[in-house]
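I'd like to walk you through a model I've been looking at, so let me put it up on the screen.

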4 protein chains.
Amino acid sequence: MLIVMHHSALGKDVEKVKKTISSIGFKAVAIPGAERTAIGVIGNQGWVDDTPFRGMKGILEIIHVTKPYKLVSRDFHPADTVVKIGGKTKVGGKSPFLLIAGPCAVEDRKQTFRTARFLKKIGVPVLRGGAYKPRTSPHSFQGLREEGLEILSSVGEEVGILTITEVMSPEHVGLVSEHVDVLQIGARNMQNYDLLKEVGKTRKPVLLKRGLSATVEEWLASAEYILLEGNPEVVLCERGIRTFETATRNTADLSVITLVKAISHLPVIFDPSHATGKRNLVPSMALASVAAGAHGAMIEVHPDPEHALSDGPQSLNFREFERLRKQIGALEGFMKTL
Amino acid sequence: MLIVMHHSALGKDVEKVKKTISSIGFKAVAIPGAERTAIGVIGNQGWVDDTPFRGMKGILEIIHVTKPYKLVSRDFHPADTVVKIGGKTKVGGKSPFLLIAGPCAVEDRKQTFRTARFLKKIGVPVLRGGAYKPRTSPHSFQGLREEGLEILSSVGEEVGILTITEVMSPEHVGLVSEHVDVLQIGARNMQNYDLLKEVGKTRKPVLLKRGLSATVEEWLASAEYILLEGNPEVVLCERGIRTFETATRNTADLSVITLVKAISHLPVIFDPSHATGKRNLVPSMALASVAAGAHGAMIEVHPDPEHALSDGPQSLNFREFERLRKQIGALEGFMKTL
Amino acid sequence: MLIVMHHSALGKDVEKVKKTISSIGFKAVAIPGAERTAIGVIGNQGWVDDTPFRGMKGILEIIHVTKPYKLVSRDFHPADTVVKIGGKTKVGGKSPFLLIAGPCAVEDRKQTFRTARFLKKIGVPVLRGGAYKPRTSPHSFQGLREEGLEILSSVGEEVGILTITEVMSPEHVGLVSEHVDVLQIGARNMQNYDLLKEVGKTRKPVLLKRGLSATVEEWLASAEYILLEGNPEVVLCERGIRTFETATRNTADLSVITLVKAISHLPVIFDPSHATGKRNLVPSMALASVAAGAHGAMIEVHPDPEHALSDGPQSLNFREFERLRKQIGALEGFMKTL
Amino acid sequence: MLIVMHHSALGKDVEKVKKTISSIGFKAVAIPGAERTAIGVIGNQGWVDDTPFRGMKGILEIIHVTKPYKLVSRDFHPADTVVKIGGKTKVGGKSPFLLIAGPCAVEDRKQTFRTARFLKKIGVPVLRGGAYKPRTSPHSFQGLREEGLEILSSVGEEVGILTITEVMSPEHVGLVSEHVDVLQIGARNMQNYDLLKEVGKTRKPVLLKRGLSATVEEWLASAEYILLEGNPEVVLCERGIRTFETATRNTADLSVITLVKAISHLPVIFDPSHATGKRNLVPSMALASVAAGAHGAMIEVHPDPEHALSDGPQSLNFREFERLRKQIGALEGFMKTL
């Protein structure tokens, strides 16, 4: 940690800061400059809580050199984490590009079954489908909830496909865990800490979506909550961030793929459907994510997007998805030759 | 709802859209233009779910004229809502400017008691204090939780001051409701819909903070969740939004005060402490919110900000707050004369 | 400047950085930490260009403690700058709240004359009016250009009111300077450095609007361009920033008023018309800016906003403005008593 | 254009709007709804200036169905524009992926010559290099200006490579045009309309970078300025937008590649160096842009990035770039097989 003093800070202000550093067990090193003094904090083994210093007289700025996470950092865990789903399917490291696909929401058994069978046929290992749907308006369809979970698990078992669904509340974690193979934390809940702790207590893989306006640092700190509870099986998922641009639903931030892979050992996948919100942008962005080095992608597919109960405009139909699936596979193979 | 067709949309695309409008019970009115056709949807009594139209061929854009909320809208409830706290203190409409103050976190009984007594003395009706603390890093202080609730309620009772605290999880709503007079929904949980529904089932006033990157429309739709469950006692709180600017912790969006008052009948207050994150900006922004017409303000005060366990840099000490309190009172009186 | 090394940086990486620091005449101080080393740069008299260090092996981050500006900083010029317009009207320091008002664009002589006479009558010292209009679409009205300048200067002289207009191009600076009392740099041109240098060479006061997505640091650095050319008469103007929120035209960032006053000695005023883009939000935000401590405000007024050629929806009519003008005056007086 | 009336708008308000529509030569079609009335404007041949309506009583919202551009739109010019540089090199449509590379700034003849020769050798057709440098701080290196232009043109001629440089001021357009093959409009100048008009009067190809906080609509409207002056040779360049995320210099918005290609006939390329600001993210994002369908990329290369006078941290060295160049070429070939 570095404490930068004001131009006009007095000698006694500096002394007080240094004394406080000592009092919490660290060493202070002053770096006098022509314009102002900075004071380095030495001896910490991790994140220093800056609260004793905040608001002290003469301090201009407190700069954290240490990050608010540790377990998720490659600094302390250099090897790639490979997350196993359902015992055999893998994501991360050198594992094949993971495809997760399916409708935004589980609407009924037939729609789910048709999608699952289609995905199974073309070799997609994981079926997505929302049972609990976070919707902006309470007047919109909220998901089938428990009935949706039942459909998802029975279809998954019958078809022989892994499943993922979003869990929105700590009290649902147990129930949802019984029904699916991966627990999804949605963007709106990325900082729902009680929920993060609860999924951290399970041994299910967790897909952690980046929040609408979450920095990479906050996203990784949220993953840290899960690891700290004992669950290391976390997959990060970039799904677009909120910016001033309204031509797309969100702004796909593909550069975080390589960035996060450099900082963290966790797998990171991409959701082109939510990142763009427009069907015609999904294929090119999915391919771009393969080229960018993502560990997988989650894509919305619906047997009949025009009648989907939610997110129709960003869902591909079966024909469109099958074509994209082949392109992704081919591109993945090609990228290995580069 | 207005459906704008592509320049190149075919006659049969337009027909299909019109047929779908009829099929869900509304009337279609085509508005042919030189460059493209638009189709108006007539006959709806509220928000039209656009899912049947999304992704249909030839559609360029779907424009909602109706909003995703209704109960919170002044259109349907022209009179100001006045929320009563603890039976007598009021906020909203022509009620006096409401002051809520206190530390970011309940740290111990002594700190809480000192603050409560000080606030009581200078006539502040509501004490804030976090028992459950949402923190970016799991390595930071997470609040005293149940112990914090106990301290808050016993101090509140002893001193005779109303209390507010944040509730982060649906399962805590019952417990928290027993201890405090107002339930606070934090910015990170503005779209935690299970939590919104749960507080909607209580009869406690709810302070709903605007999310870090929530539009006014989303914020009001979140309030709609609470009203729809039967609880009309909602107070909105602007606390700054996330933007590119890092010189302040958030960007205080004071213009929403007047904007929200025009759209909604709910009271709206301002939190200058979180909006700015800097102690030296709190007084001027608090005064600005009075001039802008806010119904109240929530301000962080700490007996000893330099040793606060969280948010020290944005907390005022007693002397600073007492000065501000007087200025706010004087300005409030003056504003009535304008 | 502080150079933070990677966790995994080698001793020789650190040595190389230290050597480079020496080679450019500064002193290096290493601050070894448990996790990583940081190296302080000592001895600089101002902004250190970090280019020799950027991209060097083992460097995690370069942190500037010194700012990219100096002349505009209160650190080096503690006393408030008071800018004089037309020899007698003042803005900044303890000067009275400065009001600038008028139409977005100079449309014709009659409109300009009517507005000028009205403003003169109610005691507003400066008339605004765009001659050169920056418009998103080339198909929109672009301003009367030279004819607009002529109208503005002749009306100003006849009525006896000071004038301000935007200058968009370095080559127009001379001409515009001959016609008006204050040169305005618009938000889109805040980083048009050739233009900044050109107005820096004049001795006219310059109103420098904050860019749509400019940080406070960049804004002040742009002002530094003007001062560095020898013109110290700069007035800063906050006019809203671009964020994700579309309910208002821009997001009014009122907290920068106090922030900038603490960092810089330059006067800072507020433009509620562009900041909100909505007529009904202008009065409350203008009053809020007085309470927040702004040195003045620039407000759009039009004799007939419904027929304005640009920015009609955010312009007040004469009656609305006269009312606001009185409120501002009263509030300004009151604020001095606090 | 659609005009949405307030819930509470009176019949006479609606009548007045309809009358105004007629008065400017269009036809009004009312779309009565249960909650509010909307009025369609019919008969326009393009963008309708909404100024006569703005601020009229009873109007809630004005929605533009027509866009602020026409010449750049695929609606009116369905075929891809292929821009020719220096008579033979092409970009856009089915032309090969265009690579532009070189240092951020022209620093001296030797650096420029070395880079040009290297690029020529590996088959890169266009050399970039800044002569006029827009820098945040006036205390930073501002470019060699005219000397830089001389170096660029003489090196280009000697080596036999095309050249591009940024032009920052209308008055420099003539001079810069004499020295280079492509005129670059930088992000900060995307809405410098006098500059846009001036390059529109030349017959040089123009590379138009997207502004830091420009929407796609504004970006295309800026291109419209150039086309409207008679110069159709415009290449769009996405270079990252400003968001809340500070882990990267900007946020690379790759999804606009496909989006812009659908809306406009102009070529669109990508600048991974400015979009990310980090050398280690450049290769993966450059490859991602190929997969996303960009028509080319502009990449910063420097013989010695560690000593570059600007943008060192985002520049590749020769070895890194040569490797990337091969990968891009291979991926480009592969993408044609998909």
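This is a predicted model: local features need pLDDT of at least 70, side-chain atom pairs count only at pLDDT 80 or more; totals for chains, interfaces and linings use all residues.

Let's take chain A by itself. Chain A holds 10 helices and 14 strands. If you box in its C-alpha atoms along the principal axes, you get roughly 75 × 45 × 40 Å. Where does the chain divide? Domain 1 of chain A covers 2–63, and domain 2 covers 83–337. The C-alpha centres of domain 1 and domain 2 of chain A are 44 Å apart.

How many of the residues in chain A count as buried? The figure is 60% of the 338 residues. For the contacts in chain A, look at residues at least 6 apart in sequence: 65% of those contacts join residues at least 24 apart.

Now for the pairs. As a bit of background, two copies of a chain are related by a rotation about an axis and a shift along it. Let's see what that looks like for chains B and C. Turn chain C by 180 degrees, with a shift of 0.0 Å along the axis, and chain C lies on chain B with an RMSD of 0.0 Å. That is the relation of a two-fold axis.

Why do we say the copies meet through the same surface? Because 100% of the interface residues of chain C are also interface residues in chain B.

Next, chains A and D. Chain A superposes on chain D by a rotation of 180 degrees with 0.0 Å of shift along its axis, at RMSD 0.0 Å. In chain A, the residue that comes closest to the rotation axis is Ala288(A), at 2.1 Å for its C-alpha. Here too, the same surface serves both copies, with 100% of the contact residues of chain A recurring in chain D. The contact puts 36 residues of chain A against 36 residues of chain D. Helix 9 of chain A is the element that gives the most to that side, with 7 residues. By class, the side of chain A that touches chain D has 21 nonpolar, 12 polar and 3 charged residues.

Last stop: two helices inside chain B. Helix 2 of chain B (residues 109–121) and helix 3 of chain B (residues 146–159) have axes that come within 10 Å and cross at roughly 35 degrees. The crossing of helix 2 past helix 3 in chain B is right-handed. Which residues meet there? From helix 2 of chain B they include Phe113(B), Ala116(B) and Arg117(B), and from helix 3 of chain B they include Leu152(B), Val155(B) and Gly156(B). By class, this helix contact in chain B has 6 nonpolar, 2 polar and 3 charged residues.

Notes
Residues are numbered from 1 along each chain as its sequence is written. Chains are lettered from A and ligands numbered from 1 in the order in which they are written. Copies are superposed by least squares on the C-alpha atoms of residues with pLDDT of at least 70 in both. Two residues are in contact if their C-beta atoms, placed from the backbone, lie within 7 Å. Domain bounds come from an automatic or database domain assignment. Axes are lines fitted to C-alpha atoms, for helices over the stretch in contact, and angles run from 0 to 180 degrees between N-to-C directions. Helices (H or I, at least four residues) and strands (E, at least two) are DSSP runs, numbered from the N terminus. A crossing is left-handed if the near helix is turned anticlockwise from the far one by less than a right angle, and right-handed if clockwise. Ala, Val, Leu, Ile, Met, Phe, Trp, Tyr, Cys and Pro count as nonpolar, Asp, Glu, Lys and Arg as charged, and the others, Gly among them, as polar. A residue is buried if 20 or more other C-beta atoms lie within 10 Å of its own, exposed if 12 or fewer, and partly exposed in between; C-beta atoms are placed from the backbone.
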